[in-house]
Amino acid sequence: MNEMTRLERFRSEIPRPDPAALRAQEDRLLAAIADPAPVRLERAGMRPRAVHRLRLSFATGLAAAVVTAGVMVVAVDSEPGAPPVLHTMPVKVETVLNRAAENVNMFPELYPKPGQFLVFESRTMDTVESNGADGHSRFLARSKRKVWLPVEGDSTGGFIEGEGLAPSAYPGWPIPPEARENLGRSGPEKLADFDDRAEYLRTDYAYLSRLPTEPAKMYEHLYTGLTHGAGADADAWQRVGGMLSEAYMPAAQRAALFRAAAAIPGVTTVGEAADAAGRTGVAAARVDPLLGIREEYIFDRETYRYLGVRRVVTDAGQAKAPVGSVLTSSALLKVSVADQAPR
């Protein structure tokens, strides 16, 4: 398997941004660098400490760039001793997420133990950009994947096996020859060689099971290290996805997460949405006008079980694709517990 394939199939539990998302994140970071205003984090009454700000690094200098996978998250200390930024949970009722919270106890609960693995089976579709001999190209890579993640610890302890499926065309672009180079089965192999996420971005079961069960405190957790404004709201919404896709938390924390997510400014309901496996449902969604993208978390229409996520173009100019285009999607098909992972 070549280096780019490894990059493509690398999976941290960070939500996968599309190309427009990466460009916007880069703009935000450059703006933050240009304006080094103190970032405040701690809650009132607590001793201020160093604040972490996220910095995205991009895989560069390669013959091709897999936009959805070549992202590293690095914690960067900022102004120590800065006063706190408070994030008070607004009073708001977004229907899909609140019904999902009400229904968390409808489903059998998993009780993984230390030393075991959570196993996630899913289908994905991701935007891939490459620079080959024929110039720049874009396509939508599709795959089946099975991931083993340790109950406690980061993704470097995980394993993956997958199957590359026939690619789809990116809107307005032909499918390049290299899109078909890595079809077929691969693995099992190590999931990741590094995982530099900050502590508060961990999504392993042991960490998630210690998160608050009160929605207001979960809301604070989603905004850890963030300031106020649309950019912070967009980041908090993406963190929700990181805690849903290839992550599992106890029912009490899951209900708190859904209610907290429902209160993030800008969250609305989408009446019909389909995941990467073609299952239809209803979605809670948030538009990021900077990206021209609506990120939708899809739930079963009857049971409100989480199905998957997709990102849909809402502004052709910003997203560089026709309105209504689906640029990334996933479908979480099964979650189980295993004593061991393949090596």
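Which handedness, left-handed or right-handed, does the crossing of α3 and α7 have? Exercise 2 gives the solution.

The model is predicted: local features need pLDDT of at least 70, side-chain atom pairs count only at pLDDT 80 or more, and totals for chains, interfaces and linings use all residues. Residues are numbered from 1 along each chain as its sequence is written, and side-chain values use heavy atoms, leaving out hydrogens and water.

**Exercise 1. State which strands pair with β12 (residues 326-338), and in what sense.**

Step 1. Strands are DSSP runs of E with at least two residues, helices are runs of H or I with at least four, and both are numbered from the N terminus. Two strands pair if DSSP finds at least two bridges between them.

Step 2. Strand β4 (residues 117-132) runs antiparallel to β12, and 9 bridges join them. Leu-118 has Val-337 of β12 opposite.

Step 3. Strand β11 (residues 306-313) is also paired with β12 in the antiparallel sense, over 5 bridges. Here Gly-308 has Ala-331 in β12 as its bridge partner.

**Exercise 2. Describe how α3 (residues 95-102) packs on α7.**

Step 1. Two packed helices are described by the angle between their axes and the distance between the axes. Axes are lines fitted to C-alpha atoms, for helices over the stretch in contact, with angles from 0 to 180 degrees between N-to-C directions.

Step 2. For α3 and α7 the angle is about 165° and the axes are 8 Å apart.

Step 3. The crossing is left-handed, a term for a near helix turned anticlockwise from the far one by less than a right angle; clockwise is right-handed.

Step 4. Contact means heavy atoms within 4.5 Å. Residues of α3 in contact with α7 include Leu-97 and Glu-102, and those of α7 include Phe-258 and Arg-259.

**Exercise 3. Repeat the analysis for α5 (residues 215-222) and α7 (residues 251-262).**

Step 1. The axes come within 8 Å and cross at roughly 70°. That makes α5 roughly perpendicular to α7.

Step 2. Pro-215, Met-218, Tyr-219 and Leu-222 of α5 meet residues of α7, among them Gln-253, Leu-257 and Arg-259.

**Exercise 4. Locate Ser-245 and decide whether this residue is buried or exposed.**

Step 1. Ser-245 lies in the loop between α6 (230-242) and α7.

Step 2. Its relative accessibility is 12%, so Ser-245 counts as buried (under 20% relative accessible area; exposed is over 50%, partly exposed in between, with a 1.4 Å probe and protein chains only).

Step 3. Leu-307 is 62 residues away from Ser-245 in sequence, and 9.2 Å away in space, C-alpha to C-alpha.

Methods:
Parallel < 35°, antiparallel > 145°, perpendicular 65-115°, else oblique.
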